[in-house]
Amino acid sequence: MKGKNDLFHNEQGSLSIEFIGLLPFVIILLLIIWQLIGTGTSLLMAQKAVNESAKVYSITKDRSDAERAVRNIIGSNSSMNYTNFSVQSEGDKYFNVKFDANYKIVFLPERWRKTFTIPHKSYSRVLE
């Protein structure tokens with residue numbers, strides 16, 4: 001017959017209980033990694049969009065075509081949008097293409113989501 005002390009020294013099933021205790025931290029860590037990957041790809045996409053927009057403007061000299069290039073690349077991205085698109089002349093043939101990309105944290109409830117803005121720009125020249 002087992003005594004009371006034998007029940008406390010039995011470690012059978014302790015690994016399952018430790019795993020259940022760590023499971024919320026593992027889930028939070030995976031969500032953070034997912035958010036970092038999503039934000040990183042959004043940053044790359046935004047820089048690609050501003051570079052492509054500068055290429056289009058350097059060929060066509062049309063601001064609306066340059067903004068359309070940004071819109072086509074960013075598309076209907078749920079975690080990012082852009083504002084304040086501008087093309088500024090910098091002298092003879094040179095120009096800057098700029099816009100602000102607004103990123104949001106995806107996995108939080110809507111009322112807790114924060115948006116942060118990062119400006120993107122590209123400096124180039126008009127081809128003739």
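**Entry 1: a buried pair**

I looked up Tyr-57 and Phe-95 and found both buried. Buried means under 20% relative accessible area, exposed means over 50%, and partly exposed lies in between, with a 1.4 Å probe and protein chains only. I note that this is a predicted model: local features need pLDDT of at least 70, side-chain atom pairs count only at pLDDT 80 or more, and totals for chains, interfaces and linings use all residues. Residues are numbered from 1 along each chain as its sequence is written, and side-chain values use heavy atoms, with hydrogens and water left out.

**Entry 2: aromatic pairs**

How many aromatic pairs does the structure hold? I found 4. Rings of Phe, Tyr and Trp (its six-membered ring) pair if their centres lie within 6.5 Å; planes under 30 degrees apart are stacked, over 60 edge-to-face, and the rest tilted.

The ring centres of Tyr-57 and Phe-95 are 4.7 Å apart and the planes stand at 65°, so I call this pair edge-to-face. Tyr-57 sits in helix H2 (residues 14-60) and Phe-95 in strand S2 (residues 94-104), so the pair links distant parts of the chain, 38 residues apart. Helices (H or I, at least four residues) and strands (E, at least two) are DSSP runs, numbered from the N terminus.

Next I checked Tyr-94 and Tyr-123. They form a stacked pair, 5.7 Å centre to centre with 5° between the planes. Tyr-94 lies in strand S2 and Tyr-123 in strand S3 (residues 115-125), so this pair ties together parts 29 residues apart in sequence. Tyr-94 is partly exposed, at 37% relative accessible area.

**Entry 3: the sheet**

I traced an open sheet of 3 strands, in the order S1-S2-S3, with antiparallel pairing. Two strands pair if DSSP finds at least two bridges between them. S1 (80-89) and S3 stand at the edges with a single partner strand each, so one side of each has no neighbour in the sheet. The twist averages 15° from one strand to the next. Axes are lines fitted to C-alpha atoms, for helices over the stretch in contact, and angles run from 0 to 180 degrees between N-to-C directions.

S1 and S2 pair in the antiparallel sense over 8 bridges. Asn-81 stands opposite Asn-102 in S2. The bridge partner of Tyr-82 in S2 is Ala-101. The hairpin of S1 and S2 has 4 residues between the strands, and in it Gly-91 takes a positive phi near 110°.

**Entry 4: helix H3**

Which strands does H3 touch? Helix H3 (residues 63-74) packs on the sheet and touches S1 and S2. Contact means heavy atoms within 4.5 Å. The direction of H3 makes about 155° with that of S1.

I then checked the span of H3. The expected span of a helix is 1.5 Å times one less than its number of residues. The 12 residues of H3 should span 16 Å, and the end C-alpha atoms are 17 Å apart, which agrees.

In H3, I found Ala-66, Glu-67, Ala-69, Val-70 and Ile-74 buried. They cover an arc of only 150° around the axis, which puts them on the same side of H3. The arc is that of the directions from the helix axis to the C-beta atoms.

**Entry 5: positive phi**

Most residues other than glycine have a negative phi. Lys-61 is not glycine, yet its phi is positive, near 60°. I placed Lys-61 in the loop between H2 and H3. At 45% relative accessibility, Lys-61 is partly exposed.

Asn-84, also not glycine, has a positive phi near 55°. Asn-84 is in strand S1. At 55% relative accessibility, Asn-84 counts as exposed.
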